[in-house]
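Please look over the sequence and the model below.

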Amino acid sequence: VCFVGLSTFHAAPILNIHDLAVVPGVRGQGVGRALLTAVERFATAQRHCKLTLEVRDDNTSARGLYDSFGFTDFVLECPTPTRFLCKMLTPA
């Protein structure tokens, strides 16, 4: 599941990979890498400036895949620390 957003820093669209899951029985067979490759090709073709995603720190297998694919920790293009924040909402 991916969502298109906008980078105001680059004035270009970004693509956030919101959910990526591989069935346990086929993990380690390149399915996740194939999905990431397809997403990257799509985003590049649509002229997105970056891919983003969030992953739990303790999800070492997913982090290994993302690291090997070139994802790095988010660093804002200025020296000021940045936090990823969330506020849960209750539907009206």
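**Strand pairing and overall fold**

Leu6 has Pro13 of strand E2 as its bridge partner. This is a predicted model, in which local features need pLDDT of at least 70 and side-chain atom pairs count only at pLDDT 80 or more, while totals for chains, interfaces and linings use all residues. Residues are numbered from 1 along each chain as its sequence is written, and side-chain values use heavy atoms, with hydrogens and water left out.

**Chain overview**

- The protein chain holds two helices and three strands; helices (H or I, at least four residues) and strands (E, at least two) are DSSP runs, numbered from the N terminus.
- Read from the N terminus, the order of elements is β-β-α-β-α.
- The C-alpha trace spans about 40 × 35 × 35 Å along its principal axes.
- Of the contacts in the protein chain with a separation of 6 or more, 51% join residues 24 or more positions apart; contact means heavy atoms within 4.5 Å.

**Strands**

- E1 (residues 2–7) and E2 pair in the antiparallel sense over six bridges, where two strands pair if DSSP finds at least two bridges between them.
- Gly5 stands opposite Ile14 in E2.
- Four residues lie between the strands in the hairpin of E1 and E2, and Ala11 there takes a positive phi near 50°.
- E2 also pairs with E3, in the parallel sense and over four bridges.
- Within that pairing, Leu15 has Leu51 of E3 as its bridge partner.

**Burial and surface**

- Buried residues make up 20% of the 92 residues in the protein chain; buried means under 20% relative accessible area, exposed over 50%, and partly exposed in between (1.4 Å probe, protein chains only).
- Five of the six residues of E2 are buried, so this strand is largely enclosed by the rest of the structure.
- The accessible surface of the protein chain comes to about 7600 Å², and 58% of it belongs to carbon and sulfur atoms; accessible areas come from the Shrake-Rupley method with a 1.4 Å probe, and for residues only the protein chains shown count as cover.
- The 9 positive and 8 negative charges of the protein chain have mean positions 3 Å apart. Lys and Arg count as positive and Asp and Glu as negative, with His and the chain ends not counted; the place of a charge is taken as NZ of Lys, CZ of Arg, CG of Asp or CD of Glu.

**Two loop residues**

- His48 is found in the loop between H1 and strand E3 (50–53), and counts as buried at 14% relative accessibility.
- Leaving aside neighbours within four places in sequence, His48 is in contact with Val4, Pro13, Ile14, Leu15, Phe42 and Ala43.
- Ala21 lies in the loop between strand E2 (12–17) and helix H1 (31–45), and is exposed, with a relative accessible area of 68%.
- Ala21 and Val1 are 20 residues apart in sequence, and their C-alpha atoms are 9.4 Å apart in space.

**Cysteines**

- A search of the whole structure finds zero disulfides, a disulfide being a pair of cysteine sulfur atoms within 2.5 Å.
- The closest cysteine sulfur to that of Cys49 is in Cys2, 15 Å away, too far for a bond.
- Cys86 is in no disulfide either, as the nearest cysteine sulfur, that of Cys2, is 19 Å away.
- Cys49 counts as partly exposed at 33% relative accessibility, whereas Cys86 counts as exposed at 62%.
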